[in-house]
Amino acid sequence: MPDAVVVGAGPNGLVAANVLADAGWSVTVLEEQPGPGGAVRHDRGVHPDFVSDVFSSFYPLAAASPVLGRLGLEEYGLRWSHAPSVVAHPLTDGRCAVLGRSVDVTADSLDAFAPGDGAAWRRLYDVWEDARPDIVEALFTPFPPVRSVARLARRLGAAGMLHLARTLVLPVRRLGEEEFGGEGGRVLLAGNALHADLPPEASGSGGFGWLMAMLGQSYGFPVPVGGSGELARALVARLEARGGTVRCGRQVTEIVVRGGRAVGVRTADGEAVAASRAVLADVSVPALYGGLVAAEHLPGQVLADVRRFEWDFSTFKVDWALDGPVPWQCAGAVGAGTVHLADGVDELTRFAAQLAMGQVPDRPFLLFGQMTAADATRSPDGTESAWAYTHLPQRIRSDAGEEGVGGTWSPREQEVLADRIERQVERFAPGFRDLVRARRILAPPTLEALDRNLRGGAINGGTAAMHQQLFFRPSPGTGRPETAVPGLYLASAGAHPGGGVHGAPGANAARAALRRRMPVPLMGAQRFLTGRDRTGSKQPHAPSRARARR
């Protein structure tokens with residue numbers, strides 16, 4: 001019997017398992033999919049000569065994360081690679097904002113939009129550099145981050161803290177208008193904010209856009225050499241070196257609660273896997289509460305909060321094998337790993353407004369990845385392995401375009417939206433479609449089928465809006481991995497600090513479990529495994545097994 005069972009072999013689940021194994025616990029990880037990694041996997045499914053990341057690709061949060069840094073994954077073969085530039089945001093008039101590997105490159109690109117904007121970028125970066133150690137620590141530790149915030153307050157003083165707090169809650173449109181005279185700096189921040197589901201006018205979008213841009217400036221947007229799955233492979237190798245076990249193809253359908261405590265899990269084929277100390281769930285919040293854990297074991301307020309849980313935007317992704325580099329009309333986009341495609345902040349606002357009205361955007365904002373530019377091993381010389389994704393409403397009411405995409409995701413609708421995405425790329429890179437050797441479409445139902453946590457194609461584990469962050473994540477008054485069921489810990493992006501590949505939810509859950517150190521009595525474990533106590537008396541059957549939501 002392992003000390004802990006971890007449900008889900010995504011990056012958070014694997015980090016949790018490693019932290020527990022480092023403390024000497026025996027750990028079993030159960031994963032529904034055929035292989036580990038969750039949303040950190042790659043394949044050759046587009047073309048046999050091209051490596052394609054199926055989900056996530058660029059990892060600024062991983063590069064900054066002290067959680068992953070402490071694991072020393074380079075000892076297990078993980079290597080990182082960078083594109084020549086971090087992010088580019090071209091406009092249709094040929095101008096381009098570039099987030100470079102150095103502050104000088106970024107500042108020079110912004111000065112081309114408006115003299116003095118380079119200096120404004122340097123000021124924002126100076127604020128970041130002064131606060132960075134404490135912000136990074138606060139970001140990746142359980143809420144509330146008392147020590148890091150106290151140190152930051154001593155460093156910045158009362159006035160400095162108030163100015164920083166105001167920056168963090170500003171809408172990104174307002175932050176850009178206050179800091180920059182030209183469109184370049186504004187669109188660079190706003191595009192980064194829309195990595196999450198934060199429109200330019202949303203409170204907190206300024207802080208998120210600034211954070212993502214500054215992470216890129218300091219750490220870059222690195223990629224694992226060979227494919228995103230190399231990160232998952234290194235986590236598994238490290239865990240197995242410490243005696244941990246990862247079992248794939250094992251769908252957990254119930255977290256078993258005995259005597260008010262989580263004591264193990266059951267799988268779809270009826271296998272019982274007991275845990276003597278803890279169960280950690282790298283699953284979505286709605287799948288856990290009232291799903292894997294039956295409603296009878298949960299307070300009414302938890303169930304009410306889950307009914308109010310808000311998912312982030314849906315996602316539609318296209319992968320390409322290209323016969324040559326993308327023919328950007330703006331030279332600044334050529335060497336960028338990530339390219340944001342929208343013709344200015346106003347077009348981003350228009351896009352976000354269509355999403356808010358439940359419409360499929362007619363000019364989708366695209367996050368475009370040039371993977372061979374970032375890692376030469378991804379495709380043959382002279383070619384490019386590329387992808388783009390866009391956000392969609394979770395509930396589609398209408399199509400802002402003319403093709404009538406309604407969210408049925410029939411083959412026709414998938415092809416129509418993929419063509420629309422390619423036309424958007426062509427606005428900034430004429431001739432792009434002539435280079436397409438092969439493409440793969442990953443519509444929202446496909447993404448969810450490949451990773452149950454990506455409900456309707458949501459990739460953030462729930463909205464990043466302020467009403468579901470910090471002590472509101474996943475519900476008001478929480479912000480920590482402990483749950484209402486002793487011995488059960490939330491280890492997914494549904495917990496603070498949320499989405500992104502950084503491992504913090506998993507590490508936080510593991511440390512919470514280590515602090516408790518409450519083993520299940522032998523009789524309780526015996527009953528769970530056999531249905532009988534030590535005298536041989538038959539025990540009542542387990543409570544009803546709530547099935548995970550699809």
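Guide: Let us begin with a rule: two strands pair if DSSP finds at least two bridges between them. Please bear in mind that this model is predicted.

Visitor: How many bridges join β10 and strand β11, and in which sense do the strands pair?

Guide: Strand β10 and strand β11 (residues 261-267) are paired over six bridges, in the antiparallel sense. Within this pairing, Arg258 stands opposite Arg261 in β11.

Visitor: In what order do the strands of this open sheet lie?

Guide: The order is β10-β11-β12, three strands with antiparallel pairing. Strands β10 (252-258) and β12 (272-274) are the edge strands, since each of them pairs on one side only. From one strand to the next, the twist averages 30°.

Visitor: May we turn to aromatic rings? How many aromatic pairs are there?

Guide: Two rings count as a pair if their centres lie within 6.5 Å. By this rule the model has 13 aromatic pairs.

Visitor: Why is the pair of Phe58 and Trp387 called tilted?

Guide: Planes under 30 degrees apart count as stacked, over 60 as edge-to-face, and the rest as tilted. The planes of Phe58 and Trp387 stand at 55°, with the ring centres 6.2 Å apart, and therefore the pair is tilted.

Visitor: Which parts of the chain does this pair tie together?

Guide: Phe58 belongs to the loop between β4 (50-53) and α2 (60-64), whereas Trp387 belongs to strand β18 (residues 384-392), so the pair ties together parts that are 329 residues apart in sequence. Both Phe58 and Trp387 are buried.

Visitor: What is the geometry of the pair formed by Trp128 and Trp210?

Guide: Trp128 and Trp210 are edge-to-face, with 85° between the planes and 5.8 Å centre to centre. This pair links distant parts of the chain, for Trp128 is in helix α5 (residues 117-139) and Trp210 in helix α9 (residues 205-219), 82 residues apart. Trp128 and Trp210 are buried.

Visitor: Which residues form one aromatic cluster?

Guide: One such cluster is made up of Trp320, Trp328, Phe368 and Phe432.

Visitor: What classes of residue make up the lining of the second largest pocket?

Guide: The lining has 10 nonpolar, four polar and six charged residues.

Definitions and conventions: Residues are numbered from 1 along each chain as its sequence is written. This is a predicted model: local features need pLDDT of at least 70, side-chain atom pairs count only at pLDDT 80 or more; totals for chains, interfaces and linings use all residues. Side-chain values use heavy atoms; hydrogens and water are left out. Ala, Val, Leu, Ile, Met, Phe, Trp, Tyr, Cys and Pro count as nonpolar, Asp, Glu, Lys and Arg as charged, and the others, Gly among them, as polar. Rings of Phe, Tyr and Trp (its six-membered ring) pair if their centres lie within 6.5 Å; planes under 30 degrees apart count as stacked, over 60 as edge-to-face and the rest as tilted. Helices (H or I, at least four residues) and strands (E, at least two) are DSSP runs, numbered from the N terminus. Buried means under 20% relative accessible area, exposed over 50%, partly exposed in between (1.4 Å probe, protein chains only). Axes are lines fitted to C-alpha atoms, for helices over the stretch in contact, and angles run from 0 to 180 degrees between N-to-C directions.
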